[in-house]
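Open your viewer and get your selection tool ready. We will hop from stop to stop, picking a few residues each time and looking at what is there.

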Amino acid sequence: LSERWNLFAQADLGGFNTGTKLSANGQAYLGYRTLAFGQPTLLRAGYRAIYQDYRSTDFTGHQLKWDVTEHGPVMGVSVNF
């Protein structure tokens with residue numbers, strides 16, 4: 001976006017009945033480059049969502065099911081030394 005401001009986005013999709021029926025991840029962050037204690041620093045804030053749909057059978061024949069979506073805000077700091 002500029003020398004100091006940046007935007008990061010990532011998404012992936014997987015599974016397709018290879019152990020997991022479906023798995024998806026998406027995230028987007030707004031970042032700001034600055035200095036902290038004289039070191040290059042990146043401050044980030046954004047949002048992330050993770051979805052997983054897993055089905056299997058255990059060794060006793062019981063069906064296992066995991067169908068979960070987790071999402072929420074994310075904040076982070078990276079400092080280069």
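A residue is called buried under 20% relative accessible area, exposed over 50%, and partly exposed in between, using a 1.4 Å probe and protein chains only. With that scale in hand, start by selecting Trp 5, which is partly exposed with a relative accessible area of 40%.

Before going further, a word on the model: it is predicted, so local features need pLDDT of at least 70 and side-chain atom pairs count only at pLDDT 80 or more, while totals for chains, interfaces and linings use all residues. Residues are numbered from 1 along each chain as its sequence is written, and side-chain values use heavy atoms, leaving out hydrogens and water.

**Stop 1: an aromatic pair**

Rings of Phe, Tyr and Trp (its six-membered ring) pair if their centres lie within 6.5 Å; planes under 30 degrees apart are stacked, over 60 edge-to-face, and the rest tilted. The count by this rule is 2 aromatic pairs. Here the ring centres are 4.7 Å apart and the planes of Trp 5 and Tyr 32 meet at 55°, so this pair is tilted. Trp 5 belongs to strand 1 (residues 5-15) and Tyr 32 to strand 2 (residues 20-36), so the pair ties together parts 27 residues apart in sequence. Strands (E, at least two residues) are DSSP runs, numbered from the N terminus.

**Stop 2: a charge over a ring**

Which residue lies over the face of Phe 8? Select Arg 44, at 5.6 Å from the ring centre. The rule asks for NZ of Lys or CZ of Arg within 6 Å of the ring centre and within 35 degrees of the ring normal.

**Stop 3**

Now colour strand 3 (residues 39-57) and strand 4 (residues 63-79), which pair in the antiparallel sense over 17 bridges. Two strands pair if DSSP finds at least two bridges between them. Thr 60 is in the loop between strand 3 and strand 4, partly exposed at 46% relative accessibility. Draw a distance from Thr 60 to Leu 22: their C-alpha atoms are separated by 24 Å.

**Last stop: a positive phi**

Finish at Phe 37, in the loop between strand 2 and strand 3. Phe 37 is exposed, with a relative accessible area of 86%. Most residues other than glycine have a negative phi. Phe 37, not a glycine, has a positive phi of about 55°.

Definitions and conventions:
Helix = DSSP H or I, 4+ residues; strand = E, 2+ residues; numbered from the N terminus.
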